Amino acid sequence: MNSRSGDGGALVAGGGRNLDQLKQEVQRRADRGMPPLGGIAPEDARAALSHITSLDREQWATSFGAVADTHWQHAESLAGKDRSAAAKDYWRAWRLFHFARWPTENTPAKRRARQRAHESFRQYAALTDPPIEILHIPFEGKQLAAYLRLPASVRPAPVVFGIAGLDSRKEDVAAHSDDYLKHGLGLFAIDLPGTGESPHAAAEIHSDRIFSAALDYLAQRPDVDAGRILVQGRSWSGYWAAKLAVTERARLRGAVVHGGPIHHYFQPQWLKTSLDTGEYLYDYLEAKCAMHGASGLDDLLAKARAFSLLDLGLLDRPSAPMLLVNGARDSQIPIPDLYLLLEHGDPKEAWVNPQGGHMGRSTQWPSPAIAEKVLLPWIARRLG
C-alpha cells in the first residue's frame, strides 16, 4: 500500500491482527490507559468500536470522531456556565479526535479529525489555570506553533523544552503539564519536524534549527529563565534531544533521551523488521514515511540512513548532561542505540527496564510511574 495515498484504505495492523483482534487490543489499551489510548475513557472507546465493522481508515476516524463530537457539544453547552466541567469535556473531545487522526493524517476524515483536535485542545487550553499559552513564533518566513505553560508563582521560571514524538503531537506534551508545575517547572511543547504543525513538512537532517529558533524565542522572554532550560525527547524526538545536547550544549542544562533513535534504528534491517511490531497498533510504515516525506519503504530506507548521529560525527563531541531511558525489549527503537550513547562522548546517566518495551513501559513500570520516579526527579535536579 502506498504510504502517502489514502482516501480510505485498510489499516495495516501491527502483529498481523485481524479486525476483531485489533478492536480487542484497542479496548484493552483504553481500559488500562496504555498508549496510544491513554486518557480515553473505556466507555468512549467501546462506543466508537461498536460502530466499526472493517479496517477501513475512514470508518475508524469517523467513528472515534463521532464520539468526540458528543463531548465537544456538551462542552459548548457548558461554556460560560461551568469552566471546570467544560474543560474536562473539551479535553475528552481532544483525546478522541486525536486518536481519530492517529498515527498520521492520511485520509480526509483523519485530516478533519486533526483540525477538530486542534480546536478542542485550544478551547481546553483557554480554560486552564494557569493558562496554556498558544504561541506562533516567526521562523524563516513561516511560523512555529507551540504551547507554553508556566507555574504561577515562579519568575523567571525554569522550562522543560518538550518535543512530541512520531505519532504524538505537541498537544500531548502540553496536556500533561500539571506534574511539571508541581515542581515549579514550566513546559514548552512543540511538534516533531515532519509532523503536526511543524514548518518542516518532512524531517531534514538540519531540522534542529527549528528548535534553536524556539530557544532564541524563549531567551527573549523575561518570565523564562533562559539559564535553566532542559530538552525532553519522547520516542522519535529523543533523537533531536540527543542532537541538541551537543549542538545547543551551552544553552541546555540537560537532555532526556527517552527511547530515541540514534544509529542502529536507521539501518535498513532494523527499520524493515520493526514494521511488524505488535507494540504499534497500525500504520507504522505510513507514519514513518509521512514524517520523512518518503513515498514508500525503499524511499524511507534511503532517507533514514542519513540521520545516524554516529555517522554525522556528533557522538564524541562534548554534550550537556543526558538521561537515557528505555526498555530492553523495545521493538520500535533498538536498545543498542541507548548503549551506543553510553559508549561515546561525555558520561551519561541511564535507566533501562529489563522487562520494558518501548520507552521502558511494562506492567510494573507504566508511563506514569516512569515519569514520577525516573524522569521528573532527574529533571528537577538538573533545573535546580
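This report describes the sheet, several helices, the nonpolar core and a few single residues of one predicted model.

Residues are numbered from 1 along each chain as its sequence is written, and side-chain values use heavy atoms, with hydrogens and water left out. Because the model is predicted, local features need pLDDT of at least 70 and side-chain atom pairs count only at pLDDT 80 or more, while totals for chains, interfaces and linings use all residues.

## The sheet

Helices (H or I, at least four residues) and strands (E, at least two) are DSSP runs, numbered from the N terminus, and two strands pair if DSSP finds at least two bridges between them. Eight strands form an open sheet of mixed pairing, in the order S1-S2-S4-S3-S5-S6-S7-S8. Strand S1 (133–139) and strand S8 (349–353) stand at the edges, and each has a single partner strand, so one side of each is left without a neighbour in the sheet. From one strand to the next, the twist averages 20 degrees. Strands of a sheet pair through backbone hydrogen bonds, either parallel or antiparallel.

Both kinds of pairing can be followed here. S1 and strand S2 (residues 142–149) run antiparallel and are joined by seven bridges, with Leu135 standing opposite Ala146 in S2. The hairpin of S1 and S2 has two residues between the strands, and in this hairpin Glu140 takes a positive phi near 50 degrees. Strand S3 (residues 157–163) and strand S4 (residues 186–190), by contrast, run parallel and are joined by five bridges, and Ile163 stands opposite Ile190 in S4.

| Helix | Strands touched | Angle of directions |
|---|---|---|
| H9 (residues 238–247) | S3, S5, S6 (254–258) and S7 (322–327) | about 155 degrees with S6 |
| H13 (residues 336–343) | S6, S7 and S8 | about 155 degrees with S7 |

Buried means under 20% relative accessible area, exposed over 50%, and partly exposed in between (1.4 Å probe, protein chains only). In H13, the residues Asp337, Leu338, Leu340 and Leu341 are buried. Seen down the axis of H13, these buried residues fall within an arc of 160 degrees, so they line one face of the helix; the arc is that of the directions from the helix axis to the C-beta atoms. What covers them includes H9, S6, S7 and S8. Just after H13, Gly345 takes a positive phi of about 70 degrees.

Helix H2 (residues 42–49) has Asp44, Ala45, Ala48 and Leu49 as its buried residues. Seen down the axis of H2, they fall within an arc of 130 degrees, so they too line one face of their helix. They pack against helix H1 (19–32), helix H3 (57–78) and helix H4 (83–101).

## The nonpolar core

A nonpolar core is a set of buried Ala, Val, Leu, Ile, Met, Phe, Trp, Tyr and Cys residues joined through side-chain atoms within 4.5 Å. The largest one has 123 residues, and those with the most contacts inside it are Trp60, Phe64, Phe161, Phe188 and Trp236. The largest share of this core, ten residues, comes from H4.

Val256, found in strand S6, counts as buried at 0% relative accessibility. Apart from its neighbours within four places in sequence, Val256 is in contact with residues including Leu230, Ala241, Leu323 and Trp378.

Arg228 is found in strand S5 (residues 224–234) and is buried, with a relative accessible area of 19%. A polar atom of the Arg228 side chain lies 3.0 Å from the backbone oxygen of Leu383.

Gln59 is found in helix H3 and is partly exposed, with a relative accessible area of 22%. A polar atom of the Gln59 side chain lies 3.0 Å from the backbone nitrogen of Ser54. Gln59 and Trp378 are 319 residues apart in sequence and 43 Å apart in space, C-alpha to C-alpha.

Key: Polar contact = N/O pair within 3.5 Å; in protein donor to acceptor, adjacent residues only side chain to side chain. Axes fitted to C-alpha atoms, helices over the stretch in contact; angles between N-to-C directions. Contact = heavy atoms within 4.5 Å.
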